[in-house]
Number of protein chains: 2
Amino acid sequence: MKPSIPRGTRDFGPQEMTRRNYIFDTIRDVFKLHGYLQIETPAMENLSTLTGKYGEEGDQLLFKILNSRLHESKEKENLQKAFDKTLQSATNTDVLTERALRYDLTVPFARYVVMHQNDMTFPFKRYQIQNVWRADKPQKGRYREFYQCDADVIGSTSLLNEIDLLLIIDEVFGKLGLGVTIKLNNRKVLAGIAELIDAQDKIIDITVAIDKLDKIGEQKVLEELFAKGLSNEAIEKLKPIIFIQGNNESKLESLQKIIANDIGQKGIEELKYIVEKVGPMLSSNCKIETDITLARGLNYYTGAIIEVKVNDSRSEFTSSICGGGRYDDLTGIFGLANMSGVGISFGADRIYDVLMEANLFPNDVEFNTQVLFVNFGEAEQQYCLTLIKQLHSANISAVMFPEQAKMKKQMGYADANKIPFVALIGSQELQDQTITIKQMSTGNQQCIAKSELVNFILKS
Amino acid sequence: MKPSIPRGTRDFGPQEMTRRNYIFDTIRDVFKLHGYLQIETPAMENLSTLTGKYGEEGDQLLFKILNSRLHESKEKENLQKAFDKTLQSATNTDVLTERALRYDLTVPFARYVVMHQNDMTFPFKRYQIQNVWRADKPQKGRYREFYQCDADVIGSTSLLNEIDLLLIIDEVFGKLGLGVTIKLNNRKVLAGIAELIDAQDKIIDITVAIDKLDKIGEQKVLEELFAKGLSNEAIEKLKPIIFIQGNNESKLESLQKIIANDIGQKGIEELKYIVEKVGPMLSSNCKIETDITLARGLNYYTGAIIEVKVNDSRSEFTSSICGGGRYDDLTGIFGLANMSGVGISFGADRIYDVLMEANLFPNDVEFNTQVLFVNFGEAEQQYCLTLIKQLHSANISAVMFPEQAKMKKQMGYADANKIPFVALIGSQELQDQTITIKQMSTGNQQCIAKSELVNFILKS
């Protein structure tokens, strides 16, 4: 009988909501300043839209919707066959299900662009703040339902878009008061490295392995590369590249000498262009660091790869809190070729945890009702209701305690809800057309004329 | 290959989003003014939380989530048995699914209250604006995913809560500029009627039948009542009650004479109390009408029943756009007794349709980028980026066209996105540290100093 919620999901109470809204509002405001337009897509997509877009593991993590009224199906035999298939493999569920919950906001966006291309002007800058669902094993900081806040530009290959997105990152975390480091790489550099060590066919293995450098360390990465079939010679060639040191400029110059092939040079040039242009514009809160070990484990990036880490003495958070990159063929999977896209995604849930840890939520982020009218009884109620209406018209939140309860209970309600002012209107006040107002923080009480109420609250 | 979205779901583009946000923001602001606190609950609930709460038909309309990794289940035999059961009845899906998408916001709220009761202060006023899903047959104006905007008070039986909610309705539609009629009934009046005609066991049938009066007319309602087993005598007794005419006061007075039993009298008293108190406070946009044929087809209401209809010459919309009521045992289903709740729910999607029909969206509701910087090339870009950063700091949205495209294309972008100002910075402007600004509505162009930009836009 005791109710519960599914594992990996969460309820958000009023206090969490005000903090979450503070994060969403901050991100949304910056997106809008930069000219991104909001869209929303349905929670469910057709399975055909989602399947095969997130790799084999991703397919397993989709939350699939059971087709309705299975028991009414006229083809029970087919149903049995489909069910047998389901028992064999996770992806054979086509009669049992034909829809699933969205897994990210990028694939639905690509689908959106293809469906609505005739109503759109390109380049199209869109933002989208919605929840996504993944049937992942829940653990600390990893949920089955969480929000993504995405901004993408589609239909433009200009690196000015990357610059725009990096400025957005700077501004968002600047407004949130959090120091960060933007790590930047380029998929073409990774391709150049693979070509250099003559292992183009192993670019994914290389990418996946060196992406783990932060987590598992140098030795384990080299072991993994060896296990993936890289020769000792190739690994020796790789070492000076992935362990390169120095500031952005010197790193890129060294790389430019080592990775002499076309694709590698192109990637380094792109990195240089972006860093040179955006570097001087970033606030002191936001460092930028080229990092050729950054791969984000994703194979669809074709240009810039972006990841943001906390760089703030008040936080020990190590996971990325924002990430993104460029994919030259975002909509090709849905039949629309030559649409390059670049985008970033803020992880609101992780940002929440960091801001809590670093104590960075402003004190006034919490929304509280401003005035509680104590309920003394029938006679005074109408008087209170009229005053409350006046406060509402002046955009001041105010409530009357609905029950004629004991004073202690009513004051306790003001306390629990952090309501700063309590209005006391008894028979005397009613007769004099006044209000006794108690300021909860000081305990001070004063009697004011009815007509002064709105101004009294506004100037307090 | 052509992508599509599931039937009954929708994409929302930028223009729809700004209009939708206008509705949500309006409702949210009024909820907050009245001291309601926001919560959010997960999209998925355990099936045990939802099943049996919406009647037999409701159970059929739940979108159920297929359990993950069925093919890995070690109990394939049990699975087969469960599947056989699924084929027999819609509700036997316990091995295939154990979660479903929420169907409304009321049951999740009741579940929330029971789970978090120890962290809450009662009475608790909460609002919740989230989407819900129903596997209903899609048709015009009826979607499988749609938003509800709910405000409820739990833990107080005072009728001041009903009054508060009616004032919220008045304010929301007042701000939206739409004339409405609030229809008000009380479940106790319906119970009193059933007692009067000696058909207490048929109260649900009576309720369901007279609820259809608006839709199917008097004759058909009487036929339905007869078909449900009501005697001719009972029907004759019923007629003067359900066809009662007059203003609120006279209707209630007549009823008070006819329905002489305790429960009926109690219901009429409650109606009188609410109408007398709230009537004088409502704006001229908002009429209130007691209507004892109003039942909302829902059996869980125990007191007030509320429904809002459009009453505006600019709209022919007849469905209800907001509704609610009181249920004395909201959380009893989850084991917490004696928690009376009263609430209302705004149907954002229907309100959207009405505001479109009546042309009531304000012109400035649409969010547009304020300034487009034309991209003339490398040399001017850094200059533009710096100016854009200044505009952003002043909270003015501005973008540079990312490509060095033909003038016509860039101006076309400003047109398509309704951007009011275009900034033109070529080599001359760069040299003089000026900006040529074109106002798109007039075609006027003028050259201003770089330092004047922010003020120029702000005062335009």
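Ground rules. This is a predicted model, where local features need pLDDT of at least 70, side-chain atom pairs count only at pLDDT 80 or more, and totals for chains, interfaces and linings use all residues. Residues are numbered from 1 along each chain as its sequence is written, chains are lettered from A and ligands numbered from 1 in the order in which they are written, and side-chain values use heavy atoms, with hydrogens and water left out.

Domains. The bounds come from an automatic or database domain assignment. In chain A, domain 1 covers 14-62 + 103-189 + 277-357, and domain 2 covers 367-459. Taken over C-alpha atoms, the centres of these two domains of chain A are 46 Å apart.

Now the salt bridges. The criterion is a side-chain nitrogen of Lys or Arg within 4 Å of a carboxyl oxygen of Asp or Glu.

Take A:Arg126 and A:Asp152. Their closest N and O atoms are 2.8 Å apart. A:Arg126 sits in strand β5 of chain A and A:Asp152 in strand β6 (residues 145-154), so the pair ties together parts that are 26 residues apart in sequence. When I say helix or strand, I mean DSSP runs, numbered from the N terminus: helices are H or I with at least four residues, strands are E with at least two. Are these two side chains buried or exposed? A:Arg126 counts as buried because its relative accessibility is 0%. A:Asp152 is buried too, at 2%. The cut-offs: buried is under 20% relative accessible area, exposed is over 50%, and partly exposed is in between, with a 1.4 Å probe and protein chains only.

Over to chain B. B:Arg20 and B:Asp349 meet in a salt bridge, 3.1 Å from N to O. B:Arg20 is in helix α1 (residues 14-33) and B:Asp349 in helix α13 (residues 348-357) of chain B, so this pair ties together parts 329 residues apart in sequence. B:Arg20 counts as buried at 4% relative accessibility. B:Asp349 is buried as well, at 7%.

Next pair: B:Glu162 and B:Arg326, with 2.6 Å from N to O. Back in chain A, salt bridges with shared partners join A:Arg10, A:Arg20 and A:Asp349 into one network.

One more buried residue. B:Phe109 lies in helix α5 of chain B. With 0% relative accessibility, B:Phe109 counts as buried. Its C-alpha atom is 8.9 Å from that of B:Thr331, 222 residues apart along the chain.

On to the backbone. Where are the cis peptide bonds I want you to see? One joins A:Phe122 and A:Pro123, with omega about -5°. A:Pro123 is in the loop between α5 (106-116) and β5 (124-133) of chain A. In chain B, the bond from B:Phe122 to B:Pro123 is cis, with omega near -5°. B:Pro123 lies in the loop between α5 (106-116) and β5 (124-133) of chain B.

Next, positive phi. A:Asn338 is not a glycine, yet its phi is positive, about 60°. A:Asn338 lies in the loop between β10 (320-327) and β11 (341-347) of chain A. A:Asn338 is exposed, with a relative accessible area of 73%. A:Lys418, also not a glycine, has a positive phi of about 50°. A:Lys418 lies in the loop between α15 (407-416) and β14 (421-424) of chain A. A:Lys418 is partly exposed, at 46%.

Last stop, the surface. Which residues gather in a patch of negative charge? A:Glu195, A:Asp198, A:Glu233 and A:Asp262. Patch residues have over 30% relative accessible area and no salt bridge; like charges are joined within 9 Å, nonpolar side chains (Val, Leu, Ile, Met, Phe, Trp, Tyr) within 5 Å. A:Glu233 is in helix α10 (residues 232-242) of chain A. A:Glu233 is exposed, with a relative accessible area of 59%.

How values were computed: Accessible areas come from the Shrake-Rupley method with a 1.4 Å probe; for residues, only the protein chains shown count as cover. Lys and Arg count as positive and Asp and Glu as negative; His and the chain ends are not counted. The place of a charge is taken as NZ of Lys, CZ of Arg, CG of Asp or CD of Glu.
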